[in-house]
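Subject: Structure for you to look at

Hello,

Here is the structure I promised to pass on. Please open it next to this email and follow along.

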Amino acid sequence: MANSIENAKQLLRELGSALKLDKLELDESNTARLVFDDVLTVDFEADPEAPFLHAYAVLGAMPSDPQVSAKLLEGLLAESLVMPGEMPARVVVDKSIGMILLTVPIPVASTEFEPFEQKIGALVNLTEDWMTRLQRGEFGNDKQSSGQEASTETPSHRTIAV
């Protein structure tokens, strides 16, 4: 699996180059971080024991009210059924920091850059969309159950500004 780490390093270097960054690489803990527009953060973790680079982004904070949290999570989990394309993302809660995360395992068996770049772009676009919708209170509210549908459109592709 050491090859997976090397592949992950290569893909991140190429992503950094494509984004015109001086350097994007895994640190000694096999992690890296990208911050887009000072608002959206994508973290990467390479597992030496698995052929995946795990990418995750913070969607927002968990509400302190248990009933509001439960409704929010129910809405997010229902929405995760309609993620665009082949996006194998999962919604998770990191209780240690009280945050809701969107995670995507990205296979790194090869160093084909285009599919990797597309998955990162899709994660960024989906995160941006869900962060906006979370701020508007669209997940887990009564709007969805009263007949108004939440947006399931795939956000249009945009140039990622770092």
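This is a predicted model: local features need pLDDT of at least 70, side-chain atom pairs count only at pLDDT 80 or more; totals for chains, interfaces and linings use all residues.

**The chain**

The chain has four helices and five strands. Read from the N terminus, the order is α-β-β-β-α-β-β-α-α. There are 162 residues, and 38% of them are buried. The accessible surface is about 9400 Å². Carbon and sulfur atoms hold 50% of that surface. Now take the contacts with a separation of 6 or more: 60% of them join residues 24 or more positions apart.

**The sheet**

In what order do the five strands lie in the sheet? The order is β1-β2-β3-β5-β4, the sheet is open, and the pairing is antiparallel. Strands β1 (31–36) and β4 (90–94) are the edges, each with pairing on one side only. From one strand to the next, the twist averages 30°. As a reminder, strands of a sheet pair through backbone hydrogen bonds, either parallel or antiparallel.

Look at one pair in detail. Strand β2 covers residues 40–46, and strand β3 covers residues 52–61. Five bridges link these two strands in the antiparallel sense. In this part of the sheet, V42 stands opposite A57 in β3.

**The helix across the sheet**

Which strands does helix α3 lie across? Helix α3, residues 113–136, lies across β1, β2, β3, β4 and β5 (99–107). The helix runs at about 15° to β3.

Best wishes

Conventions. Residues are numbered from 1 along each chain as its sequence is written. Side-chain values use heavy atoms; hydrogens and water are left out. Buried means under 20% relative accessible area, exposed over 50%, partly exposed in between (1.4 Å probe, protein chains only). Contact means heavy atoms within 4.5 Å. Accessible areas come from the Shrake-Rupley method with a 1.4 Å probe; for residues, only the protein chains shown count as cover. Two strands pair if DSSP finds at least two bridges between them. Axes are lines fitted to C-alpha atoms, for helices over the stretch in contact, and angles run from 0 to 180 degrees between N-to-C directions.
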